Amino acid sequence: MSETAFSAPTESLLREAEAFCGRRQARLTEQRRQVLGLILESPKPLGAYDLLDRMREAGAQSAAPPTIYRALDFLLAQGLIHKVERLSAFIGCTHALQPHDHDDHALHSVQFLICKNCGRAIEISDPAIGKALAAAAASAAFTLTGMTVEAEGLCAACVTAVGSAA
Ligand SMILES: [Zn+2]
Ligand SMILES: [Zn+2]
């Protein structure tokens, strides 16, 4: 596979991700690195087939869905990406690379603001929302295993565009 050069900020995140995986006795193989790089480089969440197209464009003709899914599973397990269910697409998460808040990544409460117009997703990790959700679940005698909240609307750029078009 030919090595795709990503932008400098993405390359530096990939180096951090590589070191992060190393500390966890996991290996960011070339394929996993490529998938993560494409996700980090994209302004909006990418689906598995978008990734496949981009891998092939980058010269990985042999890339196939199972390899992409395996790479995605690995990256999800490491907390390096999240799945935005509403879009069936994946977004990079740099919280995992910040040592202070990835200890309990499974229950790291994540909220996505998804723009209905352009498809961008903004991750916010507001601990107050996580706490409120945990308290509400507890009072309903419900045990939480995940805390991903997806909300939709218009991003700042689209709200301006829609406003000026009206
Ligand atoms: Zn995250
Ligand atoms: Zn937008």
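Here is the tour, from the overall view down to single side chains.

Some ground rules: this is a predicted model, where local features need pLDDT of at least 70, side-chain atom pairs count only at pLDDT 80 or more, and totals for chains, interfaces and linings use all residues. Residues are numbered from 1 along each chain as its sequence is written, chains are lettered from A and ligands numbered from 1 in the order in which they are written, and side-chain values use heavy atoms, with hydrogens and water left out.

**Whole chain.** Show the protein as a cartoon: you get 6 helices and 5 strands (DSSP runs numbered from the N terminus, helices H or I of at least four residues, strands E of at least two). Trace the chain from the N terminus and the order reads α-α-α-α-β-β-β-β-α-β-α. The C-alpha trace spans about 50 × 50 × 30 Å along its principal axes. Of the 166 residues, 37% are buried (buried is under 20% relative accessible area, exposed over 50%, partly exposed in between, with a 1.4 Å probe and protein chains only).

**Zinc site.** Next, select ligand 2, the zinc ion, with Cys115, Cys118, Cys155 and Cys158; their SG atoms are its protein donors, at 2.3 to 2.4 Å. Donors here are N, O and S atoms within 2.8 Å of the metal (3.2 Å for Na, K and Ca), and water is not among the atoms, so sites may look incomplete. The 4 donor atoms make angles of 104 to 116°, a tetrahedral site (four donors, all angles between 85 and 135 degrees). For reference, the ideal angle for four tetrahedral donors is 109.5 degrees. The spacing in sequence is C-x2-C-x36-C-x2-C, and both Cys155 and Cys158 are buried.

**Arg86 and strand E5.** Now pick Arg86, in the loop between strands E1 (81-84) and E2 (89-92). Which side chains does Arg86 meet in salt bridges? One is Glu150, at 3.7 Å, N to O; that pair links distant parts of the chain, 64 residues apart, with Arg86 in the E1–E2 loop and Glu150 in strand E5. The other is Glu152, at 3.0 Å, which lies in strand E5, 66 residues from Arg86. A salt bridge is a side-chain nitrogen of Lys or Arg within 4 Å of a carboxyl oxygen of Asp or Glu. Colour by accessibility: Glu150 is buried at 17%, while Glu152 is partly exposed at 48%.

**Last stop.** Select Glu85 and Lys83, another salt bridge, with the closest N and O atoms 3.9 Å apart. Glu85 is exposed at 51%, and Lys83 is partly exposed at 32%.

Note on methods. Tetrahedral: all angles 85-135°; square planar, octahedral: opposite > 155°, others 65-115°.
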